[in-house]
Amino acid sequence: MSKLRKILLGIIAVGLIIAGYQITLRVSAEQRNTVVEIVADLDSFSSMSKKMNKSESDVLKELRIAGVNSIAVTETTIKQLVEEGKAQVFENSEIKTQKGQEFFNTVNKHILENNLAYTDLSLITTEDVNLYNFIKTSLENRYNGRTKAFEIRGTYGVLVDYAIASFHDISLGIMEEDLAYASQLNFLNVVPRIQNYRDLTIEQ
């Protein structure tokens with residue numbers, strides 16, 4: 001047998017040994033990981049209970065019987081907050097027509113003093129201070145220098161120098177109260193469901 005042939009056979013033998021070792025590791029890992037995670041979305045869970053006219057505890061039991069062992073929490077959007085009645089959005093000239101309240105008078109005064117055009121301005125308001133801080137922090141991080149926050153007599157708002165259509169469905173992050181609620185449901189895991197970060201700038 002030539003020297004070259006011996007070298008080639010040696011390389012093949014070493015390759016087979018390494019491949020066999022890798023296969024053994026893979027089989028061992030597959031045998032250990034036999035648990036399947038079935039995840040239910042928290043938003044779907046809440047709406048399901050309403051549509052079925054059942055209590056959340058009853059729906060919870062049915063999900064567990066069906067094999068669901070984890071709950072997913074999605075990020076919040078302005079659109080979702082408005083649909084749930086937790087926040088209101090005023091855009092463009094709507095801001096200008098909201099008069100008679102100290103809050104809106106202050107907002108309009110700020111717009112005039114800073115020579116801002118009402119075109120493409122959006123105002124998100126709420127009476128929940130915790131929700132306000134959540135919205136403010138998220139929008140300030142995303143639109144640095146293009147926001148202004150207002151806190152006046154129990155009404156809170158964030159003025160954004162962008163049309164609401166450009167960011168109403170963009171994620172704000174996951175709210176602490178959603179995580180706390182999901183944790184109380186006593187599933188095996190709480191899984192954060194993160195959306196893609198849109199409109200990322202070089203600075204961000």
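Which side chain meets that of Lys-86 in a salt bridge at 3.2 Å, N to O? Select Lys-86 and Glu-84: these two side chains form the bridge, with 3.2 Å from N to O. Keep in mind that you're looking at a predicted model.

While you're there, check the surface. Lys-86 has a relative accessible area of 34%, so it counts as partly exposed. Glu-84 is partly exposed too, at 41%.

Now colour by secondary structure: Lys-86 sits in the loop between helix H4 (78-83) and strand E4 (88-91), while Glu-177 belongs to helix H8 (residues 176-184). That makes it a link between distant parts of the chain, with the two partners 91 residues apart. Glu-177 is partly exposed, at 45% relative accessibility.

Show Glu-84, Lys-86 and Glu-177 together, and you have one network, joined by salt bridges that share partners.

Next stop: clear the selection and pick Glu-62 and Lys-54. Their side chains meet in a salt bridge, at 2.5 Å from N to O. How exposed is Glu-62? Its relative accessibility is 34%, so Glu-62 is partly exposed. Lys-54 also has a relative accessible area of 34% and is partly exposed.

How values were computed: Residues numbered from 1 in each chain as written. Predicted model: local features only at pLDDT ≥ 70, side-chain atom pairs only at ≥ 80, totals over all residues. Heavy atoms only, no water. Salt bridge = Lys/Arg side-chain N within 4 Å of Asp/Glu carboxyl O. Buried < 20%, exposed > 50% of the residue type's maximum accessible area, 1.4 Å probe, protein only. Helix = DSSP H or I, 4+ residues; strand = E, 2+ residues; numbered from the N terminus.
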